[in-house]
Amino acid sequence: MTDAELLKKLEDIFRENFDDGTITLTPATGPDDIEEWDSLEQINLLTALGAEFGIQLGLADIRGVRTVGDMMALVREKAGL
């Protein structure tokens, strides 16, 4: 899976979670860029990632995620992509 394909999947997850079809992501996108992205949404996003990619995420994994790029790296690591 290319970075562009992975980013598109994440974008779809974000759009669904935030109910906003206009969200556009880059690897640098973080909570400061999406107003509704708070700690609860962070957990919702990571839960959705786990479901989408069939991976288990622990508390240590969640703590290390600050940007979309961090999410991409986590998915690659856990899913073996």
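Trainee: Where does Asp-32 lie?
Mentor: Asp-32 sits in the loop between α1 and α2. Helices here are DSSP runs (H or I, at least four residues; strands are E, at least two), numbered from the N terminus. One caution: this is a predicted model, so local features need pLDDT of at least 70 and side-chain atom pairs count only at pLDDT 80 or more, while totals for chains, interfaces and linings use all residues. Residues are numbered from 1 along each chain as its sequence is written, and side-chain values use heavy atoms, with hydrogens and water left out.

Trainee: Is Asp-32 buried or exposed?
Mentor: Asp-32 counts as exposed, because its relative accessibility is 80%. The cut-offs are under 20% relative accessible area for buried and over 50% for exposed, with partly exposed in between (1.4 Å probe, protein chains only).

Trainee: And how many Å apart are Asp-32 and Thr-67 in space?
Mentor: Their C-alpha atoms are 9.7 Å apart, though in sequence Asp-32 and Thr-67 are 35 residues apart.

Trainee: New topic. How many salt bridges are there?
Mentor: The count comes to 5. A salt bridge here is a side-chain nitrogen of Lys or Arg within 4 Å of a carboxyl oxygen of Asp or Glu.

Trainee: Which residue does Arg-76 form a salt bridge with?
Mentor: Arg-76 pairs with Asp-3, and their closest N and O atoms are 2.9 Å apart. That pair links distant parts of the chain: Arg-76 belongs to helix α4 (residues 68–79) and Asp-3 to helix α1 (residues 3–18), 73 residues apart. Asp-3 is partly exposed, at 48% relative accessibility.

Trainee: What about Asp-12, which residue is its salt-bridge partner?
Mentor: Lys-8, with the closest N and O atoms 2.8 Å apart. Both lie in helix α1, 4 residues apart, about one turn of the helix. Asp-12 is partly exposed at 37%, and Lys-8 is partly exposed at 40%.

Trainee: Let's do packing. At what angle do α1 and α2 pack?
Mentor: About 130°, and the axes of α1 and helix α2 (residues 39–53) are 10 Å apart. Axes are lines fitted to C-alpha atoms, for helices over the stretch in contact, and angles run from 0 to 180 degrees between N-to-C directions.

Trainee: Which residues meet there?
Mentor: Among them are Leu-6, Leu-10, Ile-13 and Phe-14 in α1, and Leu-45, Ala-48 and Leu-49 in α2. The residues of this contact divide into 9 nonpolar, 2 polar and 3 charged. Contact means heavy atoms within 4.5 Å. Ala, Val, Leu, Ile, Met, Phe, Trp, Tyr, Cys and Pro count as nonpolar, Asp, Glu, Lys and Arg as charged, and the others, Gly among them, as polar.

Trainee: How do α2 and α4 pack, what's the angle?
Mentor: About 35°, with axes 11 Å apart. In α2, Gln-42, Leu-45, Leu-46, Leu-49 and Phe-53 meet Met-71, Leu-74, Val-75 and Ala-79 in α4. That contact divides into 8 nonpolar, 1 polar and no charged residues.
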